[in-house]
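This report walks through a structure shown below.

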Amino acid sequence: MGSVSAKSLEDGSDYKHDPLEGFPNGRKPREIKTTLEEMESARIPLDKRDYCVDYLMKYLGCRSEKYPWVYRCHHEKHEYLHCQYEDYLIRMKEFERNRRLEERAAKNNHHELL
Amino acid sequence: MAALLKKSLLHPVLRNNGVARLQFVRLAGYWNKDWKPGPYPKTDAERIAAAKKYGMLPQDYEPYPDDGLGYGDYPKLPLISNDMKDPLYNWDMPDLKRNYGEPIHTQYDAYVEERLSNARIQYTPMYMLSRFLGIMGAFLAVHLLFEYNDWYLKHPWTPPQLLKEGKTHYTFEPLD
């Protein structure tokens, strides 16, 4: 009753600062080719519905075809894990970018107050 | 009494006349004055009488050296733990590997079947230690191998960027 708040369901953008600030040539948006219906049909857990679901779907398909010799899907698995690693890099850079923007904002505030 | 109790709790294995001995302090112990051995035998006649008392031949009988705190005339028997005694011999008490009237060692209760043993050891302590450390080291190595192999993925990162209608996320590559 009190565990799911309306606030968490409709939280705003993931970016506190303007995501395109400081990128003169713009930023490529992340894209996937999988539709929501396909994801729901495959019953993919909610926490895995990120930007690597394409590779995940391919991997799961390969697994269901080659079961019980799932070791033969090592290529698909490696692709999926590589996508996860790239995602880790992006999130790490986002974190660092946010941190530096926060730092700059705090410094600007400090200078304004002085 | 308190000093003896403390000693027994802190030093469970004592060296008593050069023989390792577990100290069993039973607070509800029982002692019978008739069990007290006689004084250290000084004359030959006393030695023969003491040997006869303990059921030993006079040439076998040898009391503990007299240092004022010894065992009186109780004989000094060879220390053989129970697991070294012959299991196939026709003992009077086979489960205890004892005969009736046999004089028993002063530390007998520490060297019964379930307790200490003074058998010749097959492996040296260094060999045993190295084998132990080798096996435990193997376990440790496997644990470290499978548990601490993400040392390069420890940067702080944002929460996961899950898919949502209308939300866009960006990479760090330029538009081209």
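Which residues of chain B does the UniProt annotation "transmembrane region" cover? According to the unreviewed UniProt entry, the annotation covers residues 128–146 of chain B. The model is predicted. Over residues 128–146 the chain is 100% helix and 0% strand. The end C-alpha atoms of that stretch are 28 Å apart.

**Chain B**

Chain B has three helices and two strands. From the N terminus, the elements run α-β-β-α-α. Of its 176 residues, 20% count as buried. The accessible surface of chain B is about 14,100 Å², and carbon and sulfur atoms account for 62% of that surface. Among contacts between residues at least 6 apart in sequence, 44% join residues at least 24 apart.

A nonpolar surface patch of about 760 Å² is found on chain B. Its residues are B:M126, B:L129, B:F132, B:L133, B:I135, B:M136 and B:F139. B:F139 sits in helix α3 (residues 125–147) of chain B. B:F139 counts as exposed because its relative accessibility is 59%, and the exposed class begins over 50%.

**Helix α3 of chain A**

Helix α3 of chain A spans residues 53–66, 14 residues in total. Its first and last C-alpha atoms lie 20 Å apart, close to the 20 Å expected at 1.5 Å a residue. The buried residues of this helix are A:V53, A:L56, A:Y59 and A:C62. These buried residues pack against α2 (36–42) and α4 (74–113) of chain A.

**Salt bridges**

The whole structure holds 16 salt bridges over all chains. Three of them are listed here.

| Pair | Closest N and O atoms |
|---|---|
| A:D87 and A:R91 | 3.2 Å |
| A:E96 and A:R99 | 2.5 Å |
| B:K53 and B:D73 | 3.3 Å |

The pair B:K53 and B:D73 links distant parts of the chain, 20 residues apart. B:K53 is in helix α2 (residues 44–53) of chain B, while B:D73 is in the loop between α2 and α3. B:D73 is buried, with a relative accessible area of 5%.

The other two pairs are in helix α4 of chain A. A:D87 and A:R91 lie four residues apart in that helix, about one turn. Both residues are buried. A:E96 and A:R99 are three residues apart in α4, so about one helical turn separates them. An α-helix has 3.6 residues a turn, so residues three or four places apart point the same way.

A:E96 is partly exposed at 24% relative accessibility. A:R99 is partly exposed too, with a relative accessible area of 37%. A:E96, A:R99, A:R100 and A:E103 are linked in a salt-bridge network.

Notes
Residues are numbered from 1 along each chain as its sequence is written. Chains are lettered from A and ligands numbered from 1 in the order in which they are written. This is a predicted model: local features need pLDDT of at least 70, side-chain atom pairs count only at pLDDT 80 or more; totals for chains, interfaces and linings use all residues. Side-chain values use heavy atoms; hydrogens and water are left out. Patches are made of residues with over 30% relative accessible area and no salt bridge: like charges are joined within 9 Å, nonpolar side chains (Val, Leu, Ile, Met, Phe, Trp, Tyr) within 5 Å. Accessible areas come from the Shrake-Rupley method with a 1.4 Å probe; for residues, only the protein chains shown count as cover. A salt bridge is a side-chain nitrogen of Lys or Arg within 4 Å of a carboxyl oxygen of Asp or Glu. Buried means under 20% relative accessible area, exposed over 50%, partly exposed in between (1.4 Å probe, protein chains only). Contact means heavy atoms within 4.5 Å. The expected span of a helix is 1.5 Å times one less than its number of residues. UniProt positions are given in the numbering used here, feature names are shortened, and annotations may be inferred rather than shown by experiment.
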